[in-house]
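Student: I am new to this structure. Please take me through a close look at the ligand site and the parts around it.

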Amino acid sequence: MGVINTTPDSFADGGTLYRSARLDLDLALSRARSMVAEGAAILDIGGESTRPGAAAIGIDEEMDRVLPLLERIVAELDVVVSVDTSSPRLMTAAAALGAGLLNDVRALGREGALEAAAATGLPVCLMHMRGEPDTMQRGPSYADVVAEVEAFLRERVAACEAAGFTRQRLLLDPGFGFGKTVQHNLQLLDGLPRLAGLGLPLLVGLSRKSMIQQLIGRPVAERLPASLGLAVLAAERGAAIIRTHDVAATADAVAMWTALKTVGEK
Ligand code: 7PM
């Protein structure tokens, strides 16, 4: 899953897709095109910055950042487009324009989101987040982070099934960095097999995240090697979808893991 950040402050690529005050559509589309060429099966586009401390933006601004790009990608590229949003209105609009996956960092927790997502018929990624982006990194604490994330995801799956979702429409994500310390992130990475035990595909987002800075002091521009290591570690522990800013490099790293996994199967 390739990440196309359409937020001006997107930390991982420094808002490079914003040239004028508005998102440069052509630039974003060429980035989408190259990610598909590099092997991305899914492109994730999101308009809301979920940077710790980020101020929430209005729904109109979020729609404005996402929908024009979604339309262009659907029209011009052969790829599943995931829309990273918690907003029911945007979920409905995105599905109508050809989105193939809804990616909600709030696991359909917003008012109306469960019903709106169910009505789209689309698959949904349910991610765990503790609190809200503007405060989630202020001393998050858990008795047992893996158990608590598992329980949260189990509850969200049950809520989705009660709203009419079939299980095969659901993906789970522990939400690395969303209300977690470095230790929590490492415990969750080590505990992925337990989350895989829920029997649903796991999506993980570790690419260029701040745990790399906290563990080995790398600035954003120098986090690719560690991100590749984390991608392979996650694959080894059961991740089915790797969310990354660096598609070609990640595809190659995971291809080596896959080759080893399938050794002797020829
Ligand atoms: C600031 C902080 C900017 C964090 C961007 C981010 C995930 C996601 C994001 C994830 C799923 C980033 C994140 N992370 N969706 N959206 N899982 N499902 O690193 O880990 O892009 S935004």
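Tutor: Start with a definition: helices and strands here are DSSP runs, numbered from the N terminus. The model is a predicted one.

Now the site. Strand E5 (124-127) and strand E7 (202-205) each supply at least two residues of the shell around the ligand. In total, 15 residues surround the ligand. The closest are Asp84, Asn103, Asp173, Lys209 and Arg243. By type, the shell divides into six nonpolar, four polar and five charged residues.

Next, the polar atoms. In the side chain of Asp84, an N or O atom is 3.0 Å from a nitrogen atom of the ligand. Asn103 places a polar side-chain atom 2.8 Å from a ligand nitrogen atom. Lys209 has a polar side-chain atom 2.7 Å from an oxygen atom of the ligand. On its own, the ligand has 490 Å² of accessible area, and the protein covers 94% of that.

Stay with Asp84. Side chains of opposite charge can pair when their charged atoms come close. Asp84 forms a salt bridge with Arg243, with the closest N and O atoms 3.7 Å apart. Arg243 lies in strand E8 and Asp84 in strand E3 (residues 80-84), so this pair ties together parts that are 159 residues apart in sequence. Buried means under 20% relative accessible area. Arg243 is buried because its relative accessible area is 16%. Asp84, at 14%, is buried too.

Follow the chain on from strand E8. The loop between strand E8 (239-243) and helix H10 (247-261) holds His245. His245 has 5% relative accessibility, so it counts as buried. Its side chain makes a polar contact of 2.6 Å with the side chain of Ser207.

Asp246 comes next. Asp246 forms a salt bridge with Arg208, and the closest N and O atoms are 2.6 Å apart. This pair links distant parts of the chain, 38 residues apart: Asp246 is in the loop between E8 and H10, and Arg208 is in the loop between E7 and helix H8 (210-216). Asp246 is buried, at 16% relative accessible area. Arg208 is buried as well, at 12%.

For contrast, look at helix H2. Glu76 and Arg72 form a salt bridge, with the closest N and O atoms 2.8 Å apart. They are four residues apart in helix H2 (residues 59-76), so about one helical turn separates them. Glu76 counts as partly exposed, at 37% relative accessibility. Arg72 is also partly exposed, at 27%. Both belong to a network of salt bridges that links Asp26, Arg33, Arg72 and Glu76.

Conventions:
Residues numbered from 1 in each chain as written. Predicted model: local features only at pLDDT ≥ 70, side-chain atom pairs only at ≥ 80, totals over all residues. Heavy atoms only, no water. Near = heavy atom within 4 Å. Polar contact = N/O pair within 3.5 Å; in protein donor to acceptor, adjacent residues only side chain to side chain. Areas by Shrake-Rupley, 256 points an atom, 1.4 Å probe, with all protein chains shown as cover. Nonpolar A, V, L, I, M, F, W, Y, C, P; charged D, E, K, R; others polar. Buried < 20%, exposed > 50% of the residue type's maximum accessible area, 1.4 Å probe, protein only. Salt bridge = Lys/Arg side-chain N within 4 Å of Asp/Glu carboxyl O.
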